[in-house]
Each structure stands twice: as C-alpha cells, then as structure tokens.
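Hello,

Here is the structure we talked about. Please have a look, then read the notes below.

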Amino acid sequence: MSVKAMMATILQDQLTSRGIRSLSPSDHEEIVELLIEQLRQLEFELAARELRKHDP
C-alpha cells in the first residue's frame with residue numbers, strides 16, 4: 001500500500017469517526033494529493049526563505 005493510499009484511509013477513518021460519510025474513496029485520495037502538494041509548496045517556500053536569510 002502506498003503512502004498516499006494509507007493517508008487516504010486515515011483521512012477516511014478520521015472523517016467517518018466524526019460523522020462525515022459523504023465522500024468517496026477518490027475524494028479522500030484527491031484531498032490527500034492536494035495536501036501533499038500544499039506541503040511541498042510550503043517546504044519550497046520555507047527553504048527559499050532560509051536561503052534568503054543567509055544571502056549577503
């Protein structure tokens with residue numbers, strides 16, 4: 001099982017435990033994909049910010 005699939009399962013379990021059952025498995029996978037992309041973007045922004053700190 002891929003990391004994305006595991007994250008989608010965790011998301012589904014968490015939402016279900018909170019009473020949200022209207023999303024499909026593909027919705028969970030899409031949300032996880034979007035979260036991963038947002039985290040990548042944040043990581044790049046933080047790295048760029050760190051590089052700018054050290055630039056004379």
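Met7 sits in helix H1, which runs over residues 3-17. Keep in mind that this is a predicted model. At 32% relative accessibility, Met7 is classed as partly exposed, because that class lies between 20% and 50%. Met7 also belongs to a nonpolar surface patch.

Next, helix H2. This helix takes in residues 25-54, 30 residues in total. At 1.5 Å a residue it should span 44 Å.

Which residues of H2 are buried? They are His28, Val32 and Ile36. These buried residues pack against H1. On spacing: an α-helix has 3.6 residues a turn, so residues three or four places apart point the same way.

Now the core. The largest nonpolar core holds 5 residues: Ala8, Leu11, Leu15, Val32 and Ile36. H1 and H2 are the elements that give two or more residues to this core. H1 gives the most, with 3 residues.

Leaving aside residues up to four places away in sequence, Ala8 touches His28, Glu29 and Val32. Of these, His28 and Val32 are among the buried residues of H2, and Val32 is also part of the core with Ala8.

Best wishes

Methods
Residues numbered from 1 in each chain as written. Predicted model: local features only at pLDDT ≥ 70, side-chain atom pairs only at ≥ 80, totals over all residues. Heavy atoms only, no water. Patch = residues over 30% accessible without salt bridge, like charges linked within 9 Å, V, L, I, M, F, W, Y side chains within 5 Å. Areas by Shrake-Rupley, 256 points an atom, 1.4 Å probe, with all protein chains shown as cover. Salt bridge = Lys/Arg side-chain N within 4 Å of Asp/Glu carboxyl O. Helix = DSSP H or I, 4+ residues; strand = E, 2+ residues; numbered from the N terminus. Buried < 20%, exposed > 50% of the residue type's maximum accessible area, 1.4 Å probe, protein only. Expected span 1.5 Å × (residues − 1). Contact = heavy atoms within 4.5 Å. Core = buried A, V, L, I, M, F, W, Y, C linked by side-chain atoms within 4.5 Å.
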